[in-house]
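Dear colleague,

Please find the structure below, followed by an account of what was found in it.

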Amino acid sequence: MLEVAGLAVAYGELVALRDVSLHVKEGEIVTVIGSNGAGKTTLLKTISGLLRPRAGRIEFLGEGIDGLPSHEICKRGIIQVPEGRKIFPQMPVLHNLQMGAYLPAARRNFAQSLGRAYALFPRLNERRSQRAGLLSGGEQQMLAMARALMARPKLLMVDEPSLGLAPKLVAEIFNTLLVLNQEGTTILLVSQEVRQALELAQRAYVLENGRITVEGSSKDLLNDPRIKAAYLGL
Ligand SMILES: Nc1ncnc2c1ncn2[C@@H]1O[C@H](COP(=O)(O)OP(=O)(O)OP(=O)(O)O)[C@@H](O)[C@H]1O
Ligand SMILES: [Mg+2]
């Protein structure tokens with residue numbers, strides 16, 4: 001579904017990604033793990049068209065998408081839940097969800113998508129008229145995910161959904177990702193919650209200093225002594 005080959009991205013002099021190659025098959029959950037500053041957010045922003053690669057190729061459903069504007073990439077079905085949630089705090093919950101459905105195809109399915117979002121996150125329904133900025137951190141993450149779902153993603157890219165959340169909420173968010181995947185959404189997850197991400201995903205890539213250093217099935221990575229030492233505190 002998604003094929004990234006030889007990707008290089010830089011911020012001025014600072015090279016943030018070098019020769020990054022990865023793929024995601026339809027129906028998979030794939031995770032990219034790595035520590036602070038490894039380049040995870042840069043990778044997702046580049047796939048979304050928010051950053052331009054210096055080199056490399058990105059294909060989605062068999063077509064090149066690198067260089068396309070971000071709204072064009074959204075239209076093709078790649079939707080990102082950004083790091084830090086980036087909800088609209090002054091707007092009510094419902095308006096935030098409407099913002100997610102601004103593309104014509106999504107607008108046509110608005111009622112159905114809203115029903116699904118509220119079924120997944122009943123608390124958003126209870127608080128639909130409340131200003132989003134008043135939601136708890138966990139509820140804001142739910143809102144960011146629900147807003148992305150309103151766009152009817154084929155590939156949902158989620159950047160650090162667990163940031164700053166209590167363990168119980170992290171488990172809830174990860175469980176929701178599993179449900180979404182079982183309902184047919186392909187997921188690319190970036191996370192510092194390495195153990196939980198590996199338990200959720202089928203395959204994983206380790207990003208270190210802008211390079212992919214390890215890739216494989218999540219099961220193999222969970223048993224890899226290097227991963228255990230560097231990321232699982234074992
Ligand atoms: N807008 C920017 N301008 C300059 N440098 C940047 C910019 N954004 C990120 N960087 C640098 O690029 C590198 C990769 O950053 P990135 O945000 O992709 O890391 P990350 O893996 O998402 O980290 P974290 O886990 O902390 O979110 C870092 O060295 C960072 O300082
Ligand atoms: Mg990041």
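**Nonpolar core**

The largest nonpolar core comprises 68 residues, and Leu143, Ala146, Leu156 and Leu189 have the most contacts inside it. A nonpolar core here is a set of buried Ala, Val, Leu, Ile, Met, Phe, Trp, Tyr and Cys residues joined through C-beta atoms within 7 Å; a residue is buried if 20 or more other C-beta atoms, placed from the backbone, lie within 10 Å of its own. Helix 7 (residues 137-150) contributes the most to this core, namely eight residues. Because domain 1 (24-53 + 69-77 + 153-234) and domain 2 (88-151) both give residues to the core, it lies between them. Leucine 156 touches Ile79, Val81, Ala148, Leu180, Thr185 and Ile187, residues up to four places away in sequence not being counted. Contact means that the C-beta atoms of two residues, placed from the backbone, lie within 7 Å.

**Basis of the model**

The model is predicted: local features need pLDDT of at least 70 and side-chain atom pairs count only at pLDDT 80 or more, whereas totals for chains, interfaces and linings use all residues. Residues are numbered from 1 along each chain as its sequence is written, with chains lettered from A and ligands numbered from 1 in the order in which they are written.

**Domains and overall fold**

The centres of domain 1 and domain 2, taken over C-alpha atoms, are 22 Å apart; the bounds come from an automatic or database domain assignment. Domain 1 brings 11 residues to the contact and domain 2 brings nine. On the side of domain 1 that touches domain 2, helix 8 gives the most, with four residues. By class, that side has eight nonpolar, two polar and one charged residues. Ala, Val, Leu, Ile, Met, Phe, Trp, Tyr, Cys and Pro count as nonpolar, Asp, Glu, Lys and Arg as charged, and the others, Gly among them, as polar.

The chain has 11 helices and 10 strands, taken as DSSP runs (helices H or I, at least four residues; strands E, at least two) numbered from the N terminus. Of its 234 residues, 41% are buried.

**Ligand 1**

Around ligand 1 there are 13 residues, of which Tyr11, Asn36, Lys40, Thr41 and Thr42 come nearest; a residue is near if its C-beta atom, placed from the backbone, lies within 6 Å of the molecule. Helix 1 supplies the largest share of this shell, three residues. The shell has four nonpolar, seven polar and two charged residues.

Yours sincerely

Methods
A residue is buried if 20 or more other C-beta atoms lie within 10 Å of its own, exposed if 12 or fewer, and partly exposed in between; C-beta atoms are placed from the backbone.
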